[in-house]
Amino acid sequence: MAYISVIIPCYNAASYIERCLDALQQQSFRDFEVILIDDCSKDDTADVINAYAKRSNLQLTLLCNEENAGPGVSRNRGIAASNGEYICFCDSDDWYDPDYLEQMVKASRNGEADMVLCNSRKVTATGKTDIILFSKKEGEVSARQILALGIDSLCNLMVRREVAVSVPLPALRNGEDMAVIPLMIMRCKTFGFVEKCIYNYLCRPGSLSLSASNGVTEALKRSFSHITEHQEPGFDREVEFIGMKNLVYGGLLNHFKAQKDPKPAKALMDQFEKQYPGWYQNPYRQELPLFKRVFLLFAKRRLFLPLRLMCRIHRLLTER
């Protein structure tokens, strides 16, 4: 039985998966297994993985879905097949630093932590840009504090297997990470941190995670509904804050990048305020960057024209 199970969903990853596996081959921490799930790729992803397994000493397991089901379903299948005490995640076009697993294990304090968080770097065609997901935390921290950090990628965490099993990912094509991470955090009592950027996220133009569309906004709505339907008692203000970030900010940002019609934006805001009438007084709001605070103010006042301008600015700054 391996100490860590690394779960990798794959779809049309033939051009990237070897780099991902090479990084795992180079890990300084060796007590881990790798479970890959091919989601009915149209290229030769499975053949590339099988060929790699023959020349590698990694504990590799390849599962093949019978029909294309999306990353959430694929990860659930990988978790179910895992044997590790902890679960880590990696996307097929991304890769770990050589000490990723070693750093995560050290930060778990010999297995005391239920979850360990790390920072990542975004790798683009023009170079590398560090994305800081959290600042240094002194002493013990609570799940409430962790929820406020806004971790939105499973690849930036290592979680105890029983926690992952207790919170299956929803069958979403986008936003499945955001739907399940808060639920995992609510079920954890102790946390560890790696401030160093040790995960490499490939930012590809046209990728699903970057492409604005009506479907993405709908996925964000379903993602947040999944959280509210399964949240633990006592986390109402934290969940409200997650809605402010993921649904109000993220949903409206995506909406106005995809289209100009303000009616769906107004409907989103009306529904959110019906559910959370005092959302703008949320105590975590002041922790957001100025850009997001201004964005939320305009959303609160239904000032959709300046929101559209902010979305154009955001696109110019982040998608060039």
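Strand β1 is joined to strand β2 (residues 32-38) by seven bridges, and the two strands run parallel; strands, of at least two residues (E), and helices, of at least four (H or I), are DSSP runs numbered from the N terminus, and strands pair if DSSP finds at least two bridges between them. Between β1 and β2 the chain passes through helix α1 (residues 17-25), and this β-α-β crossover is right-handed, the term denoting a clockwise path from the first strand over the helix to the second when the strands point away from the viewer. The model is a predicted one, in which local features need pLDDT of at least 70 and side-chain atom pairs count only at pLDDT 80 or more, whereas totals for chains, interfaces and linings use all residues. Residues are numbered from 1 along each chain as its sequence is written, and side-chain values use heavy atoms, with hydrogens and water left out.

Within β2, valine 34 is the bridge partner of valine 6. Strand β1 also pairs in the parallel sense with strand β4 (residues 86-89), over four bridges, and there isoleucine 87 is the bridge partner of serine 5. Seven of the seven residues of β1 (residues 4-10) are buried, so the strand is largely enclosed by the rest of the structure; buried denotes under 20% relative accessible area, exposed over 50% and partly exposed in between (1.4 Å probe, protein chains only). Ile4, Val6, Ile8 and Cys10 point one way from β1, while Ser5, Ile7 and Pro9 point the other way.

The structure holds 13 aromatic pairs, defined by ring centres of Phe, Tyr and Trp (its six-membered ring) within 6.5 Å, with planes under 30 degrees apart counted as stacked, over 60 as edge-to-face and the rest as tilted. Tyrosine 96 and tyrosine 100 form a stacked pair, 3.7 Å centre to centre with 5° between the planes, and both are buried. The ring centres of tyrosine 249 and phenylalanine 295 lie 4.9 Å apart with the planes at 75°, so this pair is edge-to-face. Because tyrosine 249 lies in helix α9 and phenylalanine 295 in helix α11 (residues 290-300), the pair ties together parts that are 46 residues apart in sequence. An aromatic cluster is formed by Phe224, Phe272, Tyr276, Trp279 and Tyr280.

Helix α9 (residues 236-258) also contains lysine 245. Lysine 245 is buried yet has no salt bridge, a term for a side-chain nitrogen of Lys or Arg within 4 Å of a carboxyl oxygen of Asp or Glu. The nearest side chain of opposite charge, glutamate 287, is 7.9 Å away from lysine 245, with Lys and Arg counted as positive, Asp and Glu as negative, and His and the chain ends not counted.
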